[in-house]
Amino acid sequence: FLDVFTGTSDPYVKFKVAGKEVFRSKTIHKNLNPVWDEKVSLLVESLREPLYMKVFDYDFGLQDDFMGSAYLYLETLDVTLDLKDPHYPNHDLGSLELAVTLIPKEGDFRETHQSLRLSDVHRKAQLWRGIVSISLIEAHDLQPMDANGLSDPYVKFRMGHQKYKSKTIPKTLNPQWREQFDFHLYDEQGGFIDVTLWDKDAGKKDDFMGRCQVDLSLLSKECTHRLDLPLEEGEGTLVLLVTLTASTAVSIADLSVNVLDDLHERKEILHRYSLLRSFHNIKDVGMVQVKVIRAEGLMAADVTGKSDPFCVVELSNDRLQTHTVYKNLNPEWNKVFTFNVKDIHSVLEVTVYDEDRDRSADFLGKVAIPLLNIQNGERKAYALKSKELTGPTKGVIFLEIDVIYNIVKAGLRTLIPIEPKYIEEEPRVSKQQYSFLLFVHSFCSLFLQLFVVVVWNFELYMLPLLLLMLLAWNYFLIASGKDTRQGDVVTVEDLLEDEEEDFDRDDKDSERKGFMNKLYAIQDVCISVQNALDEVASYGERIKNTFNWTVPFLSWLAIVALCAATLAVYFIPLRYIVLAWGVNKFTKKLRDPYSIDNNELLDFLSRVPSDVQVVCIPYNIHRGCDTSPSKHNKIIMMNSAV
């Protein structure tokens with residue numbers, strides 16, 4: 001034992017292969033006979049390289065004490081090892097017991113370098129076995145919770161660390177949500193989804209209305225199940241559609257195991273996403289491969305002046321992570337991540353954390369890269385930014401990214417709703433920005449001038465033709481180098497000066513009444529009004545950015561749609577178009593009673609970035625990031641010429 005005052009130790013074990021640390025166990029405090037019960041999978045290049053284990057005693061704020069070491073020779077696989085000190089070979093330092101299994105390396109070997117001590121945030125990185133697609137349809141005969149005999153119900157879903165919250169349907173006992181979302185399935189045997197129903201109350205704690213549970217092990221895969229779930233501890237029935245599907249192409253591998261470097265594999269992937277297979281598996285838009293090479297100049301997060309960095313790669317709700325490189329500010333990971341692309345307008349987020357023993361990880365930096373801005377096969381250095389992506393932090397990360405997708409599937413996917421995040425942030429109260437009013441005023445003035453000229457000769461096909469001409473004109477300005485969008489410079493301080501503190505209304509004391517309840521009710525009204533104004537402003541900015549060619553893919557897609565609309569209106573009588581639209585609209589529920597309503601135009605605009613998103617994520621920058629810190633002191637906001 002090495003802790004003199006307590007007569008015990010705080011042991012942990014380091015594992016090394018070829019002189020490189022590959023794993024560190026958790027610390028067992030105050031124990032001379034520790035039991036770790038941890039599992040780790042390691043990729044071993046040669047059986048001739050022994051696995052070297054060193055046991056240390058953890059001392060807070062001091063250098064950890066050496067307690068002994070041993071070699072595991074993989075050719076013999078002894079599972080009970082005597083610990084030795086090379087300087088005192090005759091001393092008895094105890095023994096170490098292991099259970100080791102060797103598996104032949106295959107081409108699709110997946111490393112699950114995962115420690116059980118990591119927090120829930122870290123555990124999200126493990127590879128999932130399938131996808132659980134859930135459609136929240138409706139509820140019947142719910143319990144009235146308000147004085148008016150009605151309720152304002154919403155639903156919370158939880159599956160492990162994954163969460164989802166539905167929208168609130170006001171003043172009803174038979175709500176219809178028609179929402180769809182996906183969870184990752186980590187357990188091959190299934191799992192449980194906990195569902196709770198709540199009544200939204202302004203200014204006080206929401207009322208519990210009932211709960212139910214879905215046992216996924218009872219459901220067959222690759223088919224849709226309609227579930228009518230009676231609510232426990234409440235009244236009514238909840239209707240869900242649940243579909244279990246096999247895992248998508250998600251993997252982690254070493255840099256040497258690169259799918260796209262194999263010519264045969266690359267040819268198969270290109271064929272899978274070729275134009276000839278545009279209508280085969282519409283949801284499979286493409287794939288992205290991310291090589292996380294290394295980072296340099298990271299922030300020192302530990303008292304020793306070092307960090308224990310690991311990297312988390314996220315695409316929509318897909319999340320994977322690298323191993324941890326201990327005590328290093330210039331780590332090398334050399335990992336390859338492969339994701340399925342469900343929406344080509346998604347943003348790839350790469351975040352670097354510092355692992356802390358028995359605590360949650362510390363944030364070191366983050367980059368966000370729109371998939372449409374990626375140049376295939378080019379290794380770039382990206383400057384790390386803050387969590388909100390509004391300012392730089394210390395360090396850069398080197399990435400190499402390849403995106404392969406089907407352009408037809410990507411265009412069709414643009415017309416359906418965006419996949420929601422599992423955990424959404426609560427709305428914040430902030431002052432409304434009215435910059436879009438200038439655009440609206442200028443657009444209306446231009447429209448009135450054109451109206452005077454064409455009113456007597458107006459035909460319906462001229463409307464999409466006019467929008468098409470506006471897109472073409474802006475494209476001509478950009479191509480000729482006369483683009484004036486980079487007009488104003490806005491600092492981060494200007495963007496954040498109106499930001500106010502967020503707070504969680506779920507933790508409010510339900511017994512607060514009277515004047516405070518009225519204040520909370522007024523605040524909810526203010527939030528609702530502010531959200532409505534935000535949405536109007538956002539759509540105004542998105543329309544402007546569509547015609548400004550902020551995202552060329554979407555502008556080209558708008559050109560194709562406007563050309564088709566112009567030809568359709570010119571050659572087909574308007575009454576036939578209205579008749580076809582009406583028949584489709586009113587028979588949709590008859591053809592598919594559980595279809596989820598959506599507006600294709602709004603779904604398209606939701607992919608176009610607003611001005612705030614353009615500030616945080618460089619959508620229109622198609623070159624490598626400048627890693628000089630001085631280049632990040634100000635953010636360029638893209639404004640229109642009008």
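Biologist: How far apart do the end C-alpha atoms of residues 553-581 lie?

Modeller: In this predicted model, local features need pLDDT of at least 70, side-chain atom pairs count only at pLDDT 80 or more, and totals for chains, interfaces and linings use all residues. Residues are numbered from 1 along each chain as its sequence is written, and side-chain values use heavy atoms, with hydrogens and water left out. The span 553-581 is 93% helix and 0% strand, where helices (H or I, at least four residues) and strands (E, at least two) are DSSP runs numbered from the N terminus. Its end C-alpha atoms lie 27 Å apart.

Biologist: Which residues does the UniProt annotation "transmembrane region" cover?

Modeller: The annotation comes from an unreviewed entry; UniProt positions are given in the numbering used here, feature names are shortened, and annotations may be inferred rather than shown by experiment.

Biologist: Is Trp-549 buried or exposed?

Modeller: Trp-549 lies in the loop between α7 (515-547) and α8 (552-571), and has a positive phi of about 60° although it is not a glycine. Buried means under 20% relative accessible area, exposed over 50%, and partly exposed in between (1.4 Å probe, protein chains only). Because its relative accessibility is 5%, Trp-549 counts as buried.

Biologist: What is the relative accessible area of Leu-389?

Modeller: Leu-389 is found in the loop between β22 (378-385) and β23 (392-405). Its phi is positive, about 65°, although the residue is not a glycine. Leu-389 is buried, with a relative accessible area of 8%.

Biologist: How many disulfides does a search of the whole structure find?

Modeller: A disulfide is counted as a pair of cysteine sulfur atoms within 2.5 Å. Cys-311 is buried at 0% relative accessibility, whereas Cys-563 is partly exposed at 32%. The number of disulfides found is zero.

Biologist: How are the rings of Trp-198 and Phe-208 arranged?

Modeller: The structure holds 15 aromatic pairs; rings of Phe, Tyr and Trp (its six-membered ring) pair if their centres lie within 6.5 Å, and planes under 30 degrees apart count as stacked, over 60 as edge-to-face and the rest as tilted. The centres of Trp-198 and Phe-208 are 5.4 Å apart with planes at 75°, so the pair is edge-to-face.

Biologist: Which strands hold Trp-198 and Phe-208?

Modeller: The pair links distant parts of the chain, ten residues apart. Trp-198 lies in strand β11 (residues 192-199), and Phe-208 in strand β12 (residues 207-215).
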